[in-house]
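These are my notebook entries on one protein model. I set down what I looked up, entry by entry, with the cut-offs behind each term.

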Amino acid sequence: MPGRSRKFFAKLFRKFDRATDSIQLEDPAPQPSPDRLSTALPEEQSTALLLQNSTPLPQPPTTLLHPPIPAPSPTAITPALPDPEPSNPAPHALSPAILPPIPAPPPQHLYVNEMFRNANNLVIHNPQFNEFSTTGFGIRELLKCSMPDAFYNSSARYPPPKCHLGTRNDYIALITDWALGVSDRTEPILWMRGPFGIGKSAISQSCAEALVPGNKLAATLFFSRSNMGRSDPRRVFTSIAYQIATKSPSFHEIVDKRMLEDPALATASLSTQFDDLLVQPLRGLDTTGNDLDGCVVIIDGLDECQGTAEQSEIVRIIATSAHNRTTPFRWFITSRPEDPITRTMNSAAVSPVCTRVELPVSRAIDHEILLFLVDEFKEIRDDHGLPESWPSEEVLALLVERGAGLWIYVATMVRFIKNENSYGPRDQLRIVLEFAKDVSTKVERDNPLAEMDYFYTLIFQQVPLKLRTTVRKILLIHSTANQDPHDIANILGLSEEQLRRACASIQSVMELQGSNFPSTYMNFYHTSFLDFMRDPQRSKELCIQGTFLTRWRWELLEWLHEVCSCSTDSSDIVFPSSTVLPEGLPHVIHYDYVLFWLWILCGVPEHPFDSQSAKSLVQLPFGKMLRLVDPGVECVYSFQLNLATELLIGPSVQF
């Protein structure tokens, strides 16, 4: 991304400054005149005297790297003859090379691996030497290759979805009994499958919290397709190994050493990671009284992990370990009933070690949904001082009916009614009731997906007209390139306040998390909303792909042509009069971001390069276009332009 290299080097220079705060190299001291007696000590003795009050480094256990330097004797130093006193003496500091006679201190050996060899005129202020230990370094490297945002107690998921008090007790009991080994289900893998929005993640979260007090939770992963920090299959087993290491000191020690010896383990193949970071370290543990025996690993939303092949491979690796008993864990996995995962679970290699739980859309949980609504409306009444009679029992019954056993639908309705960016909960409830009556004649009773789509349409229709295009662009950038809000603002030329206001218009389905804008990220309550916005069959004219994507690509190419025709270089970029940038966003930075985003749009696999865009691209003055780029990233764009041109138009086109 433009600007990333500048941020990186700025951080690097700050670290360098801090690291050198205590060491200062001065200009060479003036040489003594021939008529003065020199008292300069040999280099080794000067260094020893300068450091005589510092804490010596730990001694090596066997042989010394250097023999100890004998302390100089006072008689070995010839005192310097004083200069004649000036008439107006000025105080001055002794040069570090001119030392007065001092008593010989006890010998202190410095084992510094020749740290100061060949150093001249070295001055060290307030020296302090710390012993360096590599303990924990391997675990820190493992964390860097993990997904901490996907852990059950991560702040990135706060507040996490979990079952409302008094709901889903039967499923929670079934899973925790299996986890504790007190049920008829003895298979080491339990797979719970169900459609979107049925509450799989809430059940997983509640089970995780129930297992913590008894020390039966080994690790958790809550995948999210809309979050790169929670969908990388290459970080599944590293994340599990890291969490186990935080619970078992002996496992921690073994894994730390393995990562220290070979940090590349964290980037190895999935099977290698599993063997080297889980199987082999577990073999090194004392099996008697092992606290990890029978602990549970929860993998929620496997279908939201990137790559269907990777999803299946993860299941097969776990099943092989369960069959061969190379790990002592129970594995609780949830997913939608996607074909690749279903086929893998039903395969001969996995099926014998896997038990299944179906989580269907069912009206049998209407009483639980009613309990949830009653408690939520009580909270709304308390917050807004509304009467006990609001809402009526008839309204509650209607909302339960419209929920039709789909938890995500009911939860989204409640968030919509609580929306602070509105005229208040009374007005929001009125909109919901009108919507419910309107769609009741359009949606079949056994089609909850269509009901959900109508509700997502209603939510988007509440976005002010002047913000709808901006919000759709924000969603397209996030869902296509997974850019953070700060980058999205730079692409669209928005201020922080403008972007926050745009996102606030859809806060029933997403939120911005983080107070510091450069590190803010977008959190969608459920991936079904982005699924809806990307599918033209479901979102229709609101869809962020299809025609909307193509037209935006045309707009960017037209904008780029106009900028190139009016500008000279990166220091003099002229934008069309319609482009108004917020204060603090330089023209060159916005230009870099727009150019980056254009190439992303040109490479979306689902939207081949149309003829109009191709013609416009060919007519671009590529040489001039690159002269407008920030010089620090020009080489990157040059490569991207050549690659994009070859892929989209063909290698025969020359610029």
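**Entry 1: the second largest cavity.** I looked up the volume of the second largest cavity in this predicted model, and it holds about 30 Å³ of space. A cavity is a set of points, on a 1 Å grid over the protein atoms alone, where a 1.4 Å probe fits but cannot get out. The grid points are joined across faces, edges and corners, and the volume is the space filled by probe spheres set on the points. I noted the general idea as well: rolling a probe the size of a water molecule over the atoms shows where empty space is left. By this rule I count two cavities of 30 Å³ or more.

Which residues line the second largest cavity? I listed I408, T412, R415, Y456, S508, V509, Y525, H526 and F529; a lining residue has an atom within 4 Å of a point. Helix 13 (residues 407–418) gives the largest share of this lining, three residues. I then sorted the lining by class and found five nonpolar, three polar and one charged residues. Here Ala, Val, Leu, Ile, Met, Phe, Trp, Tyr, Cys and Pro count as nonpolar, Asp, Glu, Lys and Arg as charged, and the others, Gly among them, as polar.

**Entry 2: basis of the values.** I recorded that residues are numbered from 1 along each chain as its sequence is written, and that side-chain values use heavy atoms, with hydrogens and water left out. As the model is predicted, local features need pLDDT of at least 70 and side-chain atom pairs count only at pLDDT 80 or more, while totals for chains, interfaces and linings use all residues.

**Entry 3: confidence.** pLDDT is the predictor's confidence in each residue, from 0 to 100. The protein averages 79, and 73% of the residues score at least 70. I marked residues 102–113, where pLDDT stays under 50 and the model has 22 contacts beyond four places in sequence; a contact means heavy atoms within 4.5 Å. I also marked residues 643–655, again with pLDDT under 50, and with 13 such contacts. Where pLDDT is low, the predicted coordinates should not be read in detail.

**Entry 4: the whole protein.** I counted 25 helices and nine strands; helices (H or I, at least four residues) and strands (E, at least two) are DSSP runs, numbered from the N terminus. Of the 655 residues, 45% are buried. Buried means under 20% relative accessible area, exposed over 50% and partly exposed in between, with a 1.4 Å probe and protein chains only.

**Entry 5: cysteines.** How many disulfides are there? I found zero, taking a disulfide as a pair of cysteine sulfur atoms within 2.5 Å. C145 is buried at 19% relative accessible area, and C295 is buried at 3%. C305 lies in the loop between strand 5 (296–300) and helix 9 (308–324), and is buried at 2%. Beyond four places in sequence, C305 touches F223, S231, P233, Q311 and I314.

**Entry 6: two further residues.** I299 is in strand 5 and is buried, with a relative accessible area of 1%. Its contacts beyond four places in sequence include L221, F223, I240 and W331. I looked up Q428 in helix 14 (residues 425–439); Q428 is buried at 5% relative accessibility. Leaving aside neighbours within four places, Q428 is in contact with F416, I417, N419 and S422.

Terms used: On a 1 Å grid over the protein atoms alone, a cavity is a set of points where a 1.4 Å probe fits but cannot get out, and a pocket is an open set with protein on both sides within 12 Å along at least five of seven lines; lining residues have an atom within 4 Å of a point.
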